[in-house]
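Here is a short briefing for a first look at this structure. Keep the sequence and the 3D view open while reading.

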Amino acid sequence: MLKQRIITALVLLAILLPTLFYSEPWPFCLLALVFIAAAAWEWGRANGYGQGMSWLAGVVCCGLCGLMWQQGWLTEHMPQLWLWVGMAWVLGGAWILRSGVNAWKQHAKPLRWMGGVLALSLTWLAIGQAKVIGVNFLLSILALVWMADIGAYFAGRALGGRFTRSKLAASISPGKSWEGVWGGMLGVALMAWLWVVYDARSHAQVLGFYTHMFQKGGMLLWLSVVFMAAMSVVGDLIESLVKRSAGIKDSSGLLPGHGGVLDRVDALLPTLPLAMMLYSL
């Protein structure tokens with residue numbers, strides 16, 4: 001299993017890195033569209049649909065993304081859109097998690113299907129706009145999710161249950177602890193500070209997300225770090241809730257050793273649009 005995970009990771013990096021650092025944004029946006037469409041297909045399957053409607057989810061997702069691309073949305077300043085999307089993630093995420101696993105299947109399947117396709121399409125728009133701003137900006141957002149996950153893993157392993165007896169969301173993801181969440185936030189805060197220092201000392205032409213927040217106010221930087229780290233956990237938990245409701249462990253087997261695409265991008269679904277919201281307001 002470990003060998004399989006390493007091989008898959010290396011193949012993904014070999015595909016991703018050349019497009020990420022290419023001077024034009026279109027190769028990366030095109031690759032991101034492929035992954036988002038695959039995630040839409042997984043979303044259909046995870047919500048009880050057969051191959052027909054699952055494939056249609058991927059097609060509709062491609063169509064929405066293609067329309068936004070054709071309309072030039074990748075280069076537009078859209079603070080109102082991202083404000084509405086951000087509010088939907090915060091309020092909707094809290095409502096979904098509060099309702100719990102059993103309530104998920106009670107929502108109409110077409111509504112769940114379309115909601116997921118729309119969320120994935122807007123995530124593609126967010127990652128595309130971030131790439132247009134610059135690689136440093138995009139990487140700083142991606143790194144936030146990675147650091148939150150790494151910090152949560154090690155803090156949870158070392159300290160899980162020592163300070164709080166209650167689990168973070170026992171009915172959704174029993175392995176997650178509050179100590180893990182705090183560890184992830186601490187890791188992101190440290191990384192944010194280092195990123196700001198690096199941008200300043202290297203005279204970066206394209207500033208990272210954290211430097212943009214720092215320039216708007218030091219307190220805003222730390223509030224945004226805590227907020228974004230928390231919302232990455234929300235994205236992770238919502239996908240876990242959907243999978244638990246469907247009775248599956250992984251969203252698919254598209255990425256050998258890593259599960260499915262949704263398993264790898266779940267925390268990015270809220271954080272990318274929210275990063276664009278904080279940046280554009």
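About 670 Å³ of space lies in the second largest pocket. Of its 27 lining residues, Trp89, Ile96, Gly115, Gly116 and Ala119 are the closest to the centre. The model is predicted.

- Four helices each supply at least two residues of the lining: α4 (79-99), α6 (109-133), α10 (218-246) and α12 (268-280).
- The lining of this pocket counts 18 nonpolar residues, six polar ones and three charged ones.

**Helix α9**

- Helix α9 spans residues 209-216.
- Its buried residues are Phe209, Tyr210, Thr211, His212 and Met213.
- The cover over these buried residues includes α7 (135-159), α8 (178-202), α10 and α12.

**Cysteines**

- How many disulfides does the structure hold? The count is zero.
- Cys62 is in no disulfide, and its nearest cysteine sulfur, that of Cys61, is 6.2 Å away.
- Cys62 is partly exposed, at a relative accessible area of 31%.
- Cys65 has its closest cysteine sulfur in Cys61, at 4.3 Å.
- Cys65 is buried, with a relative accessible area of 0%.

**Aromatic rings**

- The whole structure has eight aromatic pairs.
- One of them joins Trp43 and Trp104, edge-to-face, at 6.0 Å centre to centre and with 80° between the planes.
- Trp43 sits in helix α2 (residues 26-46) and Trp104 in helix α5 (residues 101-104), so this pair ties together parts that are 61 residues apart in sequence.
- Both partners are buried: Trp43 has a relative accessible area of 11%, and Trp104 has 7%.
- Trp195 and Tyr210 form a tilted pair, 5.8 Å centre to centre with 55° between the planes.
- That pair links distant parts of the chain, with Trp195 in helix α8 and Tyr210 in helix α9, 15 residues apart.
- Are Trp195 and Tyr210 buried or exposed? Trp195 is buried, and so is Tyr210.
- Ring pairs also link Trp195 and Tyr210 into a cluster with Phe137, Phe209 and Tyr279.
- Two residues of this cluster, Phe209 and Tyr210, are among the buried residues of α9.

Definitions and conventions:
Residues numbered from 1 in each chain as written. Predicted model: local features only at pLDDT ≥ 70, side-chain atom pairs only at ≥ 80, totals over all residues. Heavy atoms only, no water. 1 Å grid on protein atoms, 1.4 Å probe; cavity = no way out; pocket = protein on both sides within 12 Å on 5 of 7 lines; lining within 4 Å. Points joined across faces, edges and corners; volume = space filled by probe spheres on them. Nonpolar A, V, L, I, M, F, W, Y, C, P; charged D, E, K, R; others polar. Buried < 20%, exposed > 50% of the residue type's maximum accessible area, 1.4 Å probe, protein only. Contact = heavy atoms within 4.5 Å. Disulfide = S-S within 2.5 Å. Phe/Tyr/Trp six-rings, centres within 6.5 Å; stacked < 30°, edge-to-face > 60°.
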